[in-house]
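The exercises below are meant to be worked through with the sequence and the 3D view open side by side. Please try each task before reading the solution that follows it.

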Amino acid sequence: MTDLNNKYEAVIGLEVHAQLLTKSKMFCSCANQFGAAINANICPVCTGQPGALPAVNRQAIELGVRAAMALNCQIRNESIFARKNYFYPDLPKGYQISQYEKPFCEKGSLTVRLKSGEQKQFGITRIHFEEDAGKNVHASHGTVVNLNRAGVPLIEIVSEPDMRTSHEAGQYLRALHSILQFGDICDGNMEQGNFRCDANISVRKRGDSKFGTKVELKNINSFRFVEKAIEYEIERQIDLVEKGEAIRQQTRTWNSSKNITELMREKESAHDYRYFPDPDLAPLVISEAWIKSIRSQMPEMPSQVLARFQKDYALSEYDAGVLTATKELASFYEQTAAKSKNPKASANWVANELLGRLNAAGKEIANSPVKAQQLGDLVTRIDQGEISGKIAKTVFEEMFLTGRNPAEIIKEKGLVQISDTGAIEVAIDKVIAANPSQVADYKAGKVKLLGFFVGQVMKETQGQANPGMVNELVKKKLD
Amino acid sequence: MSSLHSLDIQSLLAGYQKNDFSVQEVAKSCLEAISKKNPQLNALLEVSKDRVLARAAELDQKKSDAQRLKLFGVPIAIKDNILVKDWQCTAGSKILQGYRSPYTATTVARLEAEGAVVLGKANCDEFAMGSSNESSAFGPCRNPWDLERVPGGSSGGSAAAVAGSLCPAALGSDTGGSIRQPASLCGLVGIKPSYGRVSRFGAIAYASSLDQVGPLGKTVWDSARVLEVISGWDRFDATTSKAPVPSYSDALKESTLKGLKFGFCKSWLEGVDPAVQKAFENSMQLLKQAGAEIVEIDLPYTKYSLSVYYLIAPSEASSNLARYDGVHYGFRAPEFKDSETLYNRSRGQGFGKEVKLRIMLGTYALSAGYYDAFYLKATQVRKMIQQDFSNAFKKCDAVLTPTSPSTAFKLGEKSDDPLKMYLSDVFTLPVNLAGLPAVSIPCGLDDLRLPIGLQIIGRPFDELRLLQMARVHESLFGVLKHP
């Protein structure tokens, strides 16, 4: 495909739906909560009862404005809610309240780092508010409509068609995800569907200025799948063009078990949503004063945390980058460092040992069996000489498997480092007595044998002797 | 005490204060009147004797509240497109047959907080679409002044219940004249408040940017009292105003027309029944005698009101009525194959003819390719109509029109000709488009002794002066003796 990839380029734009981390729904006071019992969080408003009316949730607006600020968007002081009309069982009012002609913000940008090390800026066309739909749950006795999600606040973030590769799209998504998470705007849990991505993809010959016919990929629920789906789609489209076939305007979906995209519907069956301004809601006014107060409460953004980690904890850009990949990880690291008071060693333990171990176990930092306090405690025990770095790895593995505290494990397994001069001297005497010829060689000038003696003493003490002390005492005895 | 049901609110409140009768006696009197007259009138679709008597007994236990509460022990009929918890709410449609309200509308909650007794749910045109109450899925309602004739609509049941003395007052809703036109045809005082004056929460939406809930009563004082109770900002309705609510009924004492100017538009009188025209001219004379000045005004764009209304209202309705789909509540077609046939059949069988007509009109007007020419254009002309009125209010303090071009017409007379029916609202529609307050008050009887109504249109949120004007007219013309 390389030749073809030189001949063609892909044009990719992404639409992300992010559920806002509000206490209540967009237009009523029902809880915004994932995983509640079916239809536990519903009321006349979000179930579309006759006569019920929407009332805007200010917290949702504030979180949306945060996103707009983090993505450098221009905020409109007066925007309009519009109705998007269509029939679907999970849509109780027969329309979704959204924004259409006048969204609350437009014209933003997001800069991301690519694997080449290059920084690239992608345009954000607009962000608008809307309410989520419910969910049809298919059960043995038929279909049940669960309206807990109906009316949950969303922002839809629409990018410019600025991406050219699946990698760029993936990095854009990761950066966006991280911003929303750090801003406490969206939980970002893709499996629970609170961060959902649609991708628009077309291909054209390099050098062409006109876009090709686009295909929309819907509801892809992981970064990796987005990348794979885009790669597949680019190849599929190039293939069609090479064969002289027309690309049809379609909506397709990613089948992650077959690793292909599949047709959902043709453009011909596209809806006419009959958008019009919602007469139940006055224009949404976001005053400069409100914007100012929202700005003053803006949480730290990933780039700010990264800079702070480098400055305050003297971490390398690489380590700081790894530790700020997600909000949870950054917060885990900070707790570990606060407990251990050794930021550098904590960074190594979190970034290398813990992440490696989590990765091997297929776990996320949020479900880490080792808690930040425990890991910080472990680092402290190394620093205080209670255990050696080597023993610490054994202790860590045990902590990871059982979730127990390091002190307990060290005590139970008798892993406390021997720093008692007398005990170490007894071991040294034993080793000297058992190796007379090596002692003679050493005394004759073969000083490299020092390492041999230290090793033997460590073996004698099952690795628990303080290596620094052993070194010192062996030398003293033999010299 | 058999005539308690025909007392007006003011007399009821005075009677309670003097301990002349109990709430239970009044409630029983109303219930008796209902069982006697409602079978003919079909004004009320649901009456719950148990709930009414229980509420009356509860109020009698708290007699001391009679001094404090603005509507203590006043039985009120509620149009069946306004929700009252546990009562049915059908909006006159088969698609909501059997639907029980899971919550209470803000207006009704406010009435109850002031001691009112919900007496029953009043018949209305299906989803408030109609001017004769004939589009109700539960049969037409009849005019107490002449049982062969319609009470007007869409709040026909509310008007017939009050005019027929089943109760002293009722709530209606007005999207294009649905309170004022039946008030006119039944000889009542009906108020369409300024848009945003009264909460729409719990009132079934027909056209959200036009709908307002309001009272129908026998006197200006009664309607003013109900209006002041239901008015005011509501956190559940984002379109309500925070403007303070004066005590309208108390302010009526200070009613005067001195120095006030009324505007009227000569061209509007063309094609109006001669009897209506005569009564209208008589009213102008009365107002003049009371010290007001009458000036001629021009409202050039209001001639487009009917066209504008029949684009905007159906457009909003097509979306507002999408929720009646047979999935979540209400009527569901007995047989269907999939969600598509479930929708089509439930809506096809559940909605009546007029509702389907308007849904189709609205769907068309909002469709891609037609939106700009229809819906958008209509919203632009609507602004010009609003401008017409603000220009007029530079020359006068209120605008006078007949409420309806004719008195009550016979059942079936216009029901096959939608355009003829739509013309019943030609004087009332512009008021909704402009968001203004207006009141219809009785101003005469025709040769058949059928009531004629006068419409007074006020400045936005100027209900106080509007009602004072109406009160002066009432004091000169008198109150009709209801059949």
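**Exercise 1. Two helices of chain B**

How are H10(B) and H17(B) oriented to each other: roughly parallel, roughly antiparallel, roughly perpendicular or oblique?

Solution. Before starting, note that this is a predicted model, in which local features need pLDDT of at least 70 and side-chain atom pairs count only at pLDDT 80 or more, while totals for chains, interfaces and linings use all residues. Residues are numbered from 1 along each chain as its sequence is written, and chains are lettered from A and ligands numbered from 1 in the order in which they are written.

Step 1: locate helix H10 (residues 274-289) and helix H17 (residues 463-477) of chain B; helices (H or I, at least four residues) and strands (E, at least two) are DSSP runs, numbered from the N terminus.
Step 2: read off the geometry, which is an angle of about 105° with the axes 10 Å apart; axes are lines fitted to C-alpha atoms, for helices over the stretch in contact, and angles run from 0 to 180 degrees between N-to-C directions.
Step 3: apply the classes, in which angles under 35 degrees count as roughly parallel, over 145 as roughly antiparallel, 65 to 115 as roughly perpendicular and the rest as oblique. H10(B) and H17(B) are therefore roughly perpendicular to each other.
Step 4: inspect the contact, where Ser283(B), Leu286(B) and Leu287(B) of H10(B) meet His473(B), Leu476(B) and Phe477(B) of H17(B); two residues are in contact if their C-beta atoms, placed from the backbone, lie within 7 Å. This contact has 4 nonpolar, 2 polar and no charged residues, where Ala, Val, Leu, Ile, Met, Phe, Trp, Tyr, Cys and Pro count as nonpolar, Asp, Glu, Lys and Arg as charged, and the others, Gly among them, as polar.

**Exercise 2. Two further helix pairs**

Classify the packing of H2(B) with H3(B) and of H9(A) with H10(A).

Solution. Step 1: helix H2 (residues 23-41) and helix H3 (residues 49-61) of chain B pack at about 160°, with their axes 8 Å apart, and they are therefore roughly antiparallel. The crossing of H2(B) and H3(B) is right-handed; a crossing is left-handed if the near helix is turned anticlockwise from the far one by less than a right angle, and right-handed if clockwise. Residues including Ala27(B) and Leu31(B) of H2(B) and Leu53(B) and Ala56(B) of H3(B) make the contact, whose residues divide into 8 nonpolar, 1 polar and 2 charged.
Step 2: helix H9 (residues 343-361) and helix H10 (residues 372-383) of chain A pack at about 120°, with their axes 10 Å apart, which makes H9(A) oblique to H10(A). Their crossing is right-handed. In H9(A), Ala345(A), Ser346(A), Trp349(A), Val350(A) and Leu354(A) meet Leu375(A), Gly376(A) and Val379(A) of H10(A), a contact with 6 nonpolar, 2 polar and no charged residues.

**Exercise 3. The sheets of chain A**

In what order do the 9 strands of the open sheet in chain A run, and which strands stand at the edges?

Solution. Step 1: the order is E2-E6-E7-E10-E1-E11-E12-E13-E14, with mixed pairing; two strands pair if DSSP finds at least two bridges between them. Strands E2 (74-75) and E14 (260-266) of chain A stand at the edges, each with a single partner strand, so one side of each is left without a neighbour in the sheet.
Step 2: follow individual pairs. E2(A) and strand E6 (residues 105-113) of chain A pair in the antiparallel sense over 2 bridges, and Gln74(A) has Glu106(A) as its bridge partner in E6(A). E6(A) then pairs with strand E7 (residues 119-131) of chain A in the antiparallel sense over 8 bridges. In contrast to this sense, strands E12 (residues 215-220) and E13 (residues 250-255) of chain A pair in the parallel sense over 3 bridges.
Step 3: turn to the open sheet of 3 strands, E5-E4-E15 of chain A, with antiparallel pairing. Strand E4 (residues 81-85) and E5(A) pair over 5 bridges, and Phe81(A) stands opposite Gln99(A) in E5(A).

**Exercise 4. Between the chains**

How many residues of chain B are in contact with chain A, and which element gives the most?

Solution. Step 1: 35 residues of chain B are in contact with 26 residues of chain A.
Step 2: H11(B) gives the most to the side of chain B that touches chain A, with 3 residues.
Step 3: the residues on that side divide into 19 nonpolar, 10 polar and 6 charged.
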